[in-house]
Amino acid sequence: MNIQKLLYQNIFWRGLFFVSGFLLNILIARHFDAAISGWIYYLFTIFSFLTLIGSFSLEAGLVYFGSKEEISQEKLLSFSILWTFIIALIVVLSYFSLIGIGIDIPMIKFQYALLFICGNILLTFITGLFYAKQNYITSNLISIAVNFFLIILLINVASESWLTNEVFIFIYFGSFLLTGMVLLVIFSNRFSFPKFRMIKSTELKKLFKYSMLAFLSNIVFFLLYKIDYWFVNRYCSLEELGNYIQISKVAQMFFILPGILAGALFPLISGNHIDKVEATLKIVSRTIFFLYLAGCGILIIFGKWLFPFVFGESFSDMYRPFLFLIPGILALSTLYTLTAYFSGKNKVAVNLKGSVLALVIIVIGDALLIPKFGIVAAAMVSSVGYISYNIYVMVIFNKIHHSGMIDFFYFRLSDLKKLKESVLKNIKIL
């Protein structure tokens, strides 16, 4: 299959998934207002961190060894199912152990956690297996369908006697397990999964060894990206927390395209399917930088009234912090392709060291400034951390390829033509 077609498929379907998710996010924000939606997404963040720990970032190894076909799909799928079951058991035992020592955890929060964590681990693993098969459509299509199902439910909350806010929140957290189960069935049928096959100890060792650095890097990056939520939750009001989380979600919209490209480039770089990788990454990075600089400029002009218009009047405090987050958005947007490069070249340690540097800066800055200056300080400190991360990774890349950093940012009109003729045509055919 032509890699150009694969890239277009990934961009299109992953883009639709993020758009559907953003629409759902807007409706949740407008329906529940800043305080309650902030609480929902704060729980979401805590559960996401527990999911990251439970998954051990093994999806990175699934994609890496699956795309290289060093471990069979049947073994990887069997391992994914078994690992999800083990994590479910650990979550249940952990809950009753905490109850046993007198720590009161509401049953409903335990149910949210169990559905979310197990569902997301299964969903992430099966999506990785689809991606290793260069199938970027199926997992995104199912996720889009589930998001629109949730949107329809949310529109009808309170119009049906059974569909209360509490019921919707339960279904929302349960939707991740539903998506994972549907994808499991589809993958099993499509790629012939006749029986359970245990992975060999040597293969398991390779899987964990590769995923360990990815896990450490993802843990640090998650904290890098979310640790400010904890400081804001501790020192600011629920309304400010809700506003700040929505700022982060707007920023995440800017990361959709770089994330899609990075997700597509990772297995291609791993399998050595890309020629002239240095030129490819630079053209992609500076094109993204140029487009996002223009996008941020539009939000600088219109954001003050646009944010409350889109999310509701309770989100009127988003604009000023967003201005301080713009440099960080631009820095992270141009970083995605480089982190994919180092991951694909099995040099995840570079990403890890850069993210640790940024995390240290953010933790110190948040602890010193958020108690006094609130969410504006949180945004400003995050930008400083993201820029530091960007500079570190680019310096390492340039030492390897002996090139200048300016080429990652200096956009030329000819890049649009090169992006099609040079970048895509310099990608080998599988």
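1. Helices here are DSSP runs of H or I with at least four residues, and strands are runs of E with at least two, both numbered from the N terminus. On that basis, the elements of this predicted model run α-α-α-α-α-α-α-α-α-α-α-α-α-α from the N terminus on. The count is 14 helices and zero strands.

2. On burial, the protein has 430 residues, and buried ones make up 54% of them. Its accessible surface comes to about 19,000 Å². Carbon and sulfur atoms hold 69% of that surface.

3. On contacts, those with a separation of 6 or more were considered, and 83% of them are accounted for by residues 24 or more positions apart in the protein.

4. Which helices each supply at least two residues of the lining of the second largest cavity? They are α7 (201–235), α8 (238–254), α11 (319–333) and α13 (348–401).

5. The residues that line the second largest cavity are Tyr225, Asp228, Tyr244, Ser248, Ala251, Phe255, Leu325, Gly328, Ile329, Ser382 and Tyr386. By class, this lining has seven nonpolar, three polar and one charged residues.

Conventions. Residues numbered from 1 in each chain as written. Predicted model: local features only at pLDDT ≥ 70, side-chain atom pairs only at ≥ 80, totals over all residues. Heavy atoms only, no water. 1 Å grid on protein atoms, 1.4 Å probe; cavity = no way out; pocket = protein on both sides within 12 Å on 5 of 7 lines; lining within 4 Å. Nonpolar A, V, L, I, M, F, W, Y, C, P; charged D, E, K, R; others polar. Buried < 20%, exposed > 50% of the residue type's maximum accessible area, 1.4 Å probe, protein only. Contact = heavy atoms within 4.5 Å. Areas by Shrake-Rupley, 256 points an atom, 1.4 Å probe, with all protein chains shown as cover.
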